Amino acid sequence: MERKNIRIAFDAKRITHNGTGLGNYGRTLVNNLVKYGPDWEYLLYSPDPGNDKFREQIVCSDKVRFVYPAQKKGGDI
């Protein structure tokens, strides 16, 4: 059986901004999925980097990356 490349994208705003509740749930979910599917690609979309402490709780892997929107030149989005 041929394995297909799997890419999973998350709305990671809660992962990067919330210390409890949905933030904990999201971080736990991503970390457990990485254990189950270490060859899959995980894209974590957030409006900004948020809290370093929360981002650092995500497992370090070349298959996991945070994605932030491009900023307009000269200031706010």
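Author: Let's begin with N31, which is buried at a relative accessible area of 18%; buried means under 20%, exposed over 50% and partly exposed in between, with a 1.4 Å probe and protein chains only. Keep in mind that this is a predicted model, where local features need pLDDT of at least 70, side-chain atom pairs count only at pLDDT 80 or more, and totals for chains, interfaces and linings use all residues. Residues are numbered from 1 along each chain as its sequence is written, and side-chain values use heavy atoms, with hydrogens and water left out.

Reader: Which backbone nitrogen does the side chain of N31 reach?

Author: N31 lies in helix α2; helices here are DSSP runs of H or I with at least four residues, strands are runs of E with at least two, and both are numbered from the N terminus. Apart from neighbours within four places in sequence, N31 is in contact with Q57, I58 and V59, where contact means heavy atoms within 4.5 Å. The side chain makes its 2.7 Å approach to the backbone nitrogen of V59.

Reader: How far apart are the end C-alpha atoms of α2?

Author: Helix α2 has 15 residues, 22-36. The expected span is 1.5 Å times one less than the number of residues, so α2 should span 21 Å. The model agrees, with the end C-alpha atoms 21 Å apart.

Reader: What arc do the buried residues of α2 cover around the axis?

Author: The buried residues of α2 are G23, G26, R27, V30, N31 and V34. They sit on the same side of α2, because their arc around the axis, taken from the directions from the helix axis to the C-beta atoms, is only 125°.

Reader: Why would residues a few places apart point the same way?

Reader: Which exposed residues sit on the face of α2 turned away from its buried side?

Author: First, the buried side: those residues pack against β1 (7-11), α1 (13-17), β2 (41-45), α3 (52-55) and β3 (64-67). The face turned away from it carries the exposed residues L22, Y25, K35 and Y36.

Reader: Y36 has a ring, so how is its pair with W40 classed, stacked or edge-to-face?

Author: A search of the whole structure finds two aromatic pairs; rings of Phe, Tyr and Trp (its six-membered ring) pair if their centres lie within 6.5 Å, with planes under 30 degrees apart counted as stacked, over 60 as edge-to-face and the rest as tilted. Y36 is exposed at 64%, whereas W40 is buried at 13%. Their ring centres are 5.5 Å apart and the planes stand at 75°, so the pair is edge-to-face.

Reader: What is the angle between the planes of F66 and Y68?

Author: F66 is partly exposed at 23% relative accessibility, and Y68 is also partly exposed, at 31%. Their rings form a stacked pair, 6.4 Å centre to centre, and the angle between the planes is 5°.

Reader: Which residue in β3 does L43 stand opposite?

Author: Strands pair if DSSP finds at least two bridges between them. Five bridges join β1 to β2, which run parallel, and A9 stands opposite L43 there. Four bridges join β2 to β3, also parallel, and in β3 the residue opposite L43 is R65.

Reader: What pattern does the protein follow along the sequence?

Author: There are three helices and three strands. Read along the sequence, they give β-α-α-β-α-β.

Methods:
Polar contact = N/O pair within 3.5 Å; in protein donor to acceptor, adjacent residues only side chain to side chain.
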